[in-house]
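I opened the notebook to record what I could look up in one protein model. My plan was to take one feature at a time and write down what I found.

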Amino acid sequence: MSEAARVLLLLTERNQTVAAAESLTGGLVAAELTGVPGASKAFRGSVTAYATELKRDVLGVDGALLAERGAVDPEVAQQMAAGVRAVLGADWGIATTGVAGPGQQDGQPVGTVYVAVRGPGGKGKTAALRLNGDRAEIRRESVRSVLELLSGELGEDARAQDTEQNGGN
């Protein structure tokens with residue numbers, strides 16, 4: 001089972017949804033999720049905010065943060081995930097931002113990527129990646145990484161719920 005199929009199954013079992021905010025992946029996360037039959041049960045949609053001002057204007061990323069640190073930043077990734085969750089009305093938001101190449105961006109070298117997840121109750125997680133390979137490989141690995149991060153959070157959430165239901169044992 002692919003990571004996308006696993007994530008969608010976990011979400012469907014909980015009657016929850018996900019939305020994606022993408023920068024360097026340019027819609028590849030959405031394509032990966034919608035490639036799974038039945039994705040519409042859990043996938044709300046995506047925003048490809050490639051331009052920095054779209055991160056601010058559409059996803060609500062803090063303009064001062066973008067001006068100070070640039071778009072390739074862990075807090076930007078987290079705000080993108082929170083923003084897409086709010087804008088598209090999803091239980092979970094996931095985000096990708098980074099440098100796929102050929103040159104550096106915002107002073108960050110090629111292969112610098114941040115992926116983020118924001119879920120119910122505002123809980124979130126961000127992963128910093130330092131990826132090797134060409135542009136296509138960096139983008140593919142970014143997709144895999146953000147889906148793995150979400151899968152891990154969904155697994156943690158399920159374990160916590162199971163523990164609560166079983167009296168902490």
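The entries below go through the sheet, a helix, some loop residues and a pocket.

**Entry 1: what kind of model.** I noted before anything else that this is a predicted model.

**Entry 2: the sheet.** I asked in which order the strands lie in the sheet. I found five strands in an open sheet, ordered β2-β1-β3-β4-β5, with mixed pairing. I then looked for its edges, and they are β2 (43–48) and β5 (124–130), each of which pairs on one side only. From one strand to the next, the twist averages 15°.

**Entry 3: strand β1.** I looked up the partners of β1, which covers residues 18–22. Strand β1 runs parallel to β3 and is joined to it by five bridges. As one example, I wrote down V18, whose bridge partner in β3 is W92. The pairing of β1 with β2 is also parallel and also has five bridges. There I picked A20, which stands opposite S46 in β2.

Next I asked how many residues of β1 are buried. Five of its five residues are buried, so the strand is mostly covered, where buried means under 20% relative accessible area. In a regular strand the side chains alternate between the two faces of the sheet. I therefore sorted the residues of β1 by side: V18, A20 and E22 are on one, A19 and A21 are on the other, and all are buried.

**Entry 4: helix α1.** I checked the length of α1, which has twelve residues, 3–14. An α-helix has 3.6 residues a turn, so residues three or four places apart point the same way.

**Entry 5: V84.** I found V84 in helix α5, which covers residues 74–88. Is V84 buried or exposed? Its relative accessibility is 0%, so V84 counts as buried. I also looked at V84 against K55: the two are 29 residues apart in sequence, and their C-alpha atoms are 9.8 Å apart in space.

**Entry 6: loop residues.** I asked which loop holds N15. N15 is in the loop between α1 and β1, and it comes just after α1. Its phi is near 60°, a positive value in a residue other than glycine. N15 has a relative accessible area of 70%, so I marked it as exposed.

I then went to the loop between β3 and β4 (112–118), where P102 lies. A cis peptide bond joins G101 to P102, with omega about 20°. D106 lies in the loop between β3 and β4 as well. D106 is not a glycine, yet it has a positive phi of about 50°. I marked D106 as partly exposed because its relative accessible area is 42%.

**Entry 7: the largest pocket.** Rolling a probe the size of a water molecule over the atoms shows where empty space is left. I found about 160 Å³ of space in the largest pocket. Its lining has 15 residues, and those closest to the centre are S23, L24, Y50, G98 and Q105. I sorted the lining into six nonpolar, seven polar and two charged residues. I also noted that α3 (52–57) and β3 (92–98) each supply at least two residues of this lining.

Terms used: Residues are numbered from 1 along each chain as its sequence is written. This is a predicted model: local features need pLDDT of at least 70, side-chain atom pairs count only at pLDDT 80 or more; totals for chains, interfaces and linings use all residues. Side-chain values use heavy atoms; hydrogens and water are left out. Helices (H or I, at least four residues) and strands (E, at least two) are DSSP runs, numbered from the N terminus. The expected span of a helix is 1.5 Å times one less than its number of residues. On a 1 Å grid over the protein atoms alone, a cavity is a set of points where a 1.4 Å probe fits but cannot get out, and a pocket is an open set with protein on both sides within 12 Å along at least five of seven lines; lining residues have an atom within 4 Å of a point. Grid points are joined across faces, edges and corners, and a volume is the space filled by probe spheres set on the points. Ala, Val, Leu, Ile, Met, Phe, Trp, Tyr, Cys and Pro count as nonpolar, Asp, Glu, Lys and Arg as charged, and the others, Gly among them, as polar. Two strands pair if DSSP finds at least two bridges between them. Axes are lines fitted to C-alpha atoms, for helices over the stretch in contact, and angles run from 0 to 180 degrees between N-to-C directions. Buried means under 20% relative accessible area, exposed over 50%, partly exposed in between (1.4 Å probe, protein chains only).
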